[in-house]
Amino acid sequence: MEYGLIGEHLPHSFSKIIHEKIGSYTGRPYPYELKELGLEEVGSFLEAADFKGINVTIPYKQTVIPYLDGISDQARQIGAVNTIVNRDGKLYGYNTDYYGMRDLLLRNSIDPSGKKVLILGTGGTSRTAHAVVSDLGAAQIFKVSRTRKEEGTVTYEEALESHTDAQIIINTTPCGMFPAIDGCPLDPGHFPDLCGLIDAVYNPLRTTLVLEAQKRGIPAQGGLYMLVVQAVYASELFMDKKIDSGVAGRIFQEILNSRRNIVLTGMSMSGKTTLGTVLAQKLGRRMEDTDAMIVRQEQREITSIFAEDGEPYFRDAESAVIRQLASENGLIISTGGGAVLRRENVDALKKNGYIVFLDRPLSQILPADDRPLANTKEKVAALLEKRYPIYRAVCDGSIYNDGSPEEGAEKILALLQV
């Protein structure tokens, strides 16, 4: 292996994708591999030194240190290494996560200066976060763990009892990471002074923790940008070459666009499926219609489901389909008109998706015989009046869909910067 990533479980890592994009921007592409190692294999791998440069992820950011010939002052201060460069058989360790975390905070205008910060977790990324917020002038910093492991660490119970005045929270634990995406280490609602939240988890793109903060209007962001930035700094060390400052932002947007689901919401007959099909063709993506999936699974039409089992049964089937689709990436998802009435559906769709409300004029929303709740003009008008505020409240963005499907698709591409 020339370049790559070592860690314990890597099937869902984005690192290979990111480094390949960095290579294409610099004109110096290099092969990048993912290599899973057991704890007992790490030492022999490093002693063989059969690589030019590697990144290190959970749980080996501290394990690798005794095998290195040199370590940067910053990595030594943090006590964790995520980048190793082989120079003539000598291994040198660095911590580029520092720059990723720092730039993630700055990009989202989350300023720790003079503030109280809680860092969830005590591992290598926690140490990095501590160094960053300390350098940025945090007034108080507490690590939070299930057990009090070291000085400056409090338990979650103590955090909820004595530190609810925290202003910034940074999660460095794997809680909420795929596949256990419903996990949430704590409730941001318990911290009334909270003005910024960062989650190092990047899969899903928005964890439950991030979503709960965003619901309250608190600036919050997941860890994808941090991952991209640290990879760019690592590549500079690999290639001994400065990389243009705009590369990280461009790669972040590209990966975000490719991984993020585009979720279309709005009234029945507002053009979601038609517009979604056009988007799928333009972007080369798979399009899924939640109503069509339910019909396939139930092997009966929606009118029959409503007549035979009622709306609650249909809504449960709809939620199950949404949970299935929401865990995937890069889809176009057309939802039923009532899908966003359940908060659990909205939360699931937002984890890996951007919800777009198709705001279509009432005059252009025609009744449909196969839609039990919208099969007359009167029902359509009443539903739109009831649901419109909900569509507006839960969407990430909206378009006025009064033109052709082509025009609507172009509006969405512009909205998402795709």
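In the largest nonpolar core of this predicted model, which has 48 residues, the members touching the most others are Ile-18, Met-101, Val-133, Ile-170, Leu-224, Val-228 and Phe-238. A nonpolar core is a set of buried Ala, Val, Leu, Ile, Met, Phe, Trp, Tyr and Cys residues joined through side-chain atoms within 4.5 Å; buried means under 20% relative accessible area, exposed over 50%, and partly exposed in between, with a 1.4 Å probe and protein chains only. At least two residues of this core come from each of strand E1 (3-7), H1, helix H4 (97-107), strand E7 (116-120), helix H5 (124-135), strand E10 (168-171), helix H8 (224-239) and H9. H8 gives the largest share, eleven residues. Helices (H or I, at least four residues) and strands (E, at least two) are DSSP runs, numbered from the N terminus.

The model is predicted: local features need pLDDT of at least 70 and side-chain atom pairs count only at pLDDT 80 or more, whereas totals for chains, interfaces and linings use all residues. Residues are numbered from 1 along each chain as its sequence is written, and side-chain values use heavy atoms, leaving out hydrogens and water.

Another core, of 31 residues, lies apart from the largest one and includes Ile-302, Ala-348, Ile-365 and Val-380.

Val-228 is in contact (heavy atoms within 4.5 Å) with Ile-18, Ala-248, Ile-251, Phe-252 and Ile-255, leaving aside neighbours within four places in sequence.

**Helices H1 and H9**

The axes of H1 (residues 15-26) and H9 (residues 247-259) come within 10 Å and cross at roughly 130°. H1 is therefore oblique to H9; angles under 35 degrees count as roughly parallel, over 145 as roughly antiparallel, 65 to 115 as roughly perpendicular and the rest as oblique. From H1, Ile-17, Ile-18, Lys-21, Ile-22 and Tyr-25 meet Val-247, Arg-250, Ile-251, Glu-254 and Ile-255 of H9. The residues of this contact comprise seven nonpolar, no polar and three charged. Here Ala, Val, Leu, Ile, Met, Phe, Trp, Tyr, Cys and Pro count as nonpolar, Asp, Glu, Lys and Arg as charged, and the others, Gly among them, as polar.

| Residue | Strand | Relative accessible area |
|---|---|---|
| Lys-143 | E8 (residues 140-145) | 7% |
| Thr-155 | E9 (residues 153-155) | 13% |

Beyond four places in sequence, the contacts of Lys-143 include Ile-119, Arg-127, His-130, Glu-150 and Val-154. With the residues up to four places away likewise not counted, Thr-155 touches Val-144, Ser-145, Arg-146, Thr-147 and Arg-148.

Terms used
Axes fitted to C-alpha atoms, helices over the stretch in contact; angles between N-to-C directions.
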